[in-house]
Amino acid sequence: MNEISKKQVLTPVTKLIVVKNPYVAAKAQPGQFIILRVREKGERIPLTIADYDREEGTVTLVFQEVGFSTKLLGQLEVGDSIMNLVGQLGVPAELPESGAVLVAGGGVGVAPCLPKIKKLHSRGVKVISVLGARSKDLIILEDEIKAASDEVYICTDDGSRGFHGFISDQIKKLLLEGLKVDEIVAIGPI
């Protein structure tokens, strides 16, 4: 258990791993997280569950290598195991059953948007996704989000792709142009 079945480099600083843990996958909900420890003397780090597959018994984790423990986690390869993985923790996100929802996330904050977008889509909710990053090379999970969204807007701080500016500016522009939504779900700085 806790064996890595897939690893993907999403950007120069962001990695995705799929971990076999049928217990967590069986009950995971959008908005929940896990706490893991790579090795016995390692620190415990929380990571949002970016996706889950109940049939495969896997959870997907997306992280940036910013400290010792995340760099250690990033060194693991397919077939390696994480020593401890505890979850699912936290209160599941309250998501509407109908209507139109705008979901926005930037950088690694796009990862916790994915399970929310998929859940909304499965309920038949209209999903408008706004993804952002500092530059085009740092946009993650675009294909997965497009597959579960009715509309997708890309923003980059440097203008290298899509809307030139912050996600909040893109949202303001869309609303001023007449976009009607019942709720906005945003992951990132207030």
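This is a predicted model: local features need pLDDT of at least 70, side-chain atom pairs count only at pLDDT 80 or more; totals for chains, interfaces and linings use all residues.
**Entry 1: helix H5**

I started with H5, which covers residues 167–176. Its buried residues are Ile167, Gln170, Ile171 and Leu174. Looking down the axis of H5, I see these buried residues fall within an arc of 100°, so they line one face of the helix.

What do the buried residues of H5 pack against? I found S7, S8, strand S9 (151–156), strand S10 (163–164) and strand S11 (183–187). I also looked just past the end of H5, and there Gly178 takes a positive phi of about 105°.

**Entry 2: the nonpolar cores**

Next I went to the largest nonpolar core, which has 26 residues. Which of them touch the most other members? They are Val62, Val103, Ile117, Leu120, Leu141 and Ile145. The elements giving two or more residues to this core are strand S2 (14–20), strand S7 (100–106), helix H3 (113–122) and strand S8 (126–133). H3 provides the largest share, 4 residues.

I noted a second, separate core too, with 21 residues, including Leu47, Val59, Leu73 and Leu85.

Then I took a look around Val62. Leaving out residues up to four places away in sequence, Val62 touches Leu10, Thr14, Lys15, Leu16, Leu47, Ala50, Val108, Ala111, Ile140 and Leu141.

**Entry 3: the second largest pocket**

I put the volume of the second largest pocket down as about 220 Å³. It is lined by 13 residues, and the closest to its centre are Lys6, Val18, Asp51, Thr60 and Glu144. Which element gives the most to this lining? S4 does, with 3 residues. Strand S1 (3–11), S2, strand S4 (45–53), strand S5 (58–64) and H3 each supply at least two. Sorted by class, the lining has 5 nonpolar, 3 polar and 5 charged residues.

**Entry 4: Glu142**

Last, I looked up Glu142, which sits in helix H4 (residues 142–147). Is Glu142 buried or exposed? Its relative accessible area is 15%, and the cut-off for buried is under 20%, so Glu142 counts as buried. Apart from residues up to four places away in sequence, Glu142 touches Leu131, Ile154 and Arg161.

Terms used:
Residues are numbered from 1 along each chain as its sequence is written. Side-chain values use heavy atoms; hydrogens and water are left out. A nonpolar core is a set of buried Ala, Val, Leu, Ile, Met, Phe, Trp, Tyr and Cys residues joined through side-chain atoms within 4.5 Å. Buried means under 20% relative accessible area, exposed over 50%, partly exposed in between (1.4 Å probe, protein chains only). Contact means heavy atoms within 4.5 Å. The arc is that of the directions from the helix axis to the C-beta atoms. On a 1 Å grid over the protein atoms alone, a cavity is a set of points where a 1.4 Å probe fits but cannot get out, and a pocket is an open set with protein on both sides within 12 Å along at least five of seven lines; lining residues have an atom within 4 Å of a point. Grid points are joined across faces, edges and corners, and a volume is the space filled by probe spheres set on the points. Ala, Val, Leu, Ile, Met, Phe, Trp, Tyr, Cys and Pro count as nonpolar, Asp, Glu, Lys and Arg as charged, and the others, Gly among them, as polar.
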